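Hi there,

Here is the structure I promised to pass along. Have a look at it first, and my notes on what turned up follow below.

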Amino acid sequence: MQAGTATIARSGAAELIRRAAALIFDVDGTLAETEELHRQAFNHAFARHGLDWHWGREVYKELLRVTGGKERIRAYQERLPIGRPLSDADIAALHRIKTAHYADLIETGCCPLRPGVMDLLIAAKTRGQRLAIATTTSHGNIEALLSRALGSRWAADFDAIVAGDDVRHKKPAPDVYLDVLVRLKLDASDCLAIEDSANGLVAASRANIPVLITRSMFFRDDDFTEARVVLDDLSELGASTPKSEKQPHAQ
Ligand code: XBP
Ligand code: MG
């Protein structure tokens, strides 16, 4: 990124964030670089289930266009030339193995919050802003990640937490964002969504919520032209967010 562009992006981001009554965070790729662990957990489940499937990074990058783990498995098998399709029960069983292994990987502590995330959470709470989560992944996966990163009482700092299985349609449908708005009782224009993928950007935009993008490992090349601001990561906000000794609830 050129120096001039970065400066404009930073000041725009700080202003967008300060003006918002609530910050609505995506989880995977936004709060932490979890997608690589999801990929490893899928491969573990395939091996445990006796399948000779293996998702390398390039394949996984493409498969991430399909949001949701069970949906991703189904989409992958549909494009295989031969073989008996997995039943819904098989897919659910595979996904259970994947989810358990993902929690084990997270528990090792190998997936910290991304740069700038903790500072932004602290600054937002200090300013009296509300926090929310709008994600495709499950409540169990959010709990695994955030209890490790923020402590067991992390959820007390969030006024709305909406996950993929809470809604009819996952991202890029706007459902998780619309549900968050209802729970927060706020207008879309009073909120800011913080996302890392084009699917997330589309979902929040369809709910009329302005979007700040923090680029992540697998979605670096996505089209973010509809976003208000695009950052490499949230540490770019460092100079413009107030520091506080206070942790958001946790630890
Ligand atoms: C995240 C996802 C998720 C994870 C896997 O999208 O697409 O499917 O890859 O989670 P976003 P599950 O960050 O846009 O919410 O296996 O629990 O579905
Ligand atoms: Mg994401």
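**Around the ligand**

Ligand 1 is surrounded by 18 residues, and the closest are Gly69, Arg72, His95, Lys98 and Thr137. Please keep in mind that this is a predicted model. By class, the shell around ligand 1 is made up of eleven polar residues, six charged ones and one nonpolar residue.

Asp26 has a polar side-chain atom 2.8 Å from an oxygen atom of ligand 1. For Glu35, an N or O atom of the side chain is 2.9 Å from a ligand oxygen atom. Asn141 also takes part, with a polar side-chain atom 3.2 Å from an oxygen atom of ligand 1. On its own, ligand 1 has 460 Å² of accessible area, and the protein covers 97% of that.

As for where it sits, ligand 1 is in the largest pocket.

**Helix α6 and what follows**

One more part of the chain may interest you. Helix α6 spans residues 117–127, and its buried residues include Val117, Leu120 and Leu121. Ile122, Ala123 and Ala124 are buried in α6 as well. Just after this helix comes Gly128, which takes a positive phi of about 85°.

Happy to talk any of this through once you have had a look.

Best wishes

Key
Residues are numbered from 1 along each chain as its sequence is written. Chains are lettered from A and ligands numbered from 1 in the order in which they are written. This is a predicted model: local features need pLDDT of at least 70, side-chain atom pairs count only at pLDDT 80 or more; totals for chains, interfaces and linings use all residues. Side-chain values use heavy atoms; hydrogens and water are left out. A residue is near a molecule or strand if one of its heavy atoms lies within 4 Å of it. A polar contact is a pair of N or O atoms within 3.5 Å; within protein, one must be able to donate a hydrogen and the other to accept it, and residues adjacent in sequence count only if both atoms are side-chain atoms. Accessible areas come from the Shrake-Rupley method with a 1.4 Å probe; for residues, only the protein chains shown count as cover. On a 1 Å grid over the protein atoms alone, a cavity is a set of points where a 1.4 Å probe fits but cannot get out, and a pocket is an open set with protein on both sides within 12 Å along at least five of seven lines; lining residues have an atom within 4 Å of a point. A molecule sits in a cavity or pocket if more than half of its atoms lie within 2 Å of its grid points. Ala, Val, Leu, Ile, Met, Phe, Trp, Tyr, Cys and Pro count as nonpolar, Asp, Glu, Lys and Arg as charged, and the others, Gly among them, as polar. Buried means under 20% relative accessible area, exposed over 50%, partly exposed in between (1.4 Å probe, protein chains only). Helices (H or I, at least four residues) and strands (E, at least two) are DSSP runs, numbered from the N terminus.
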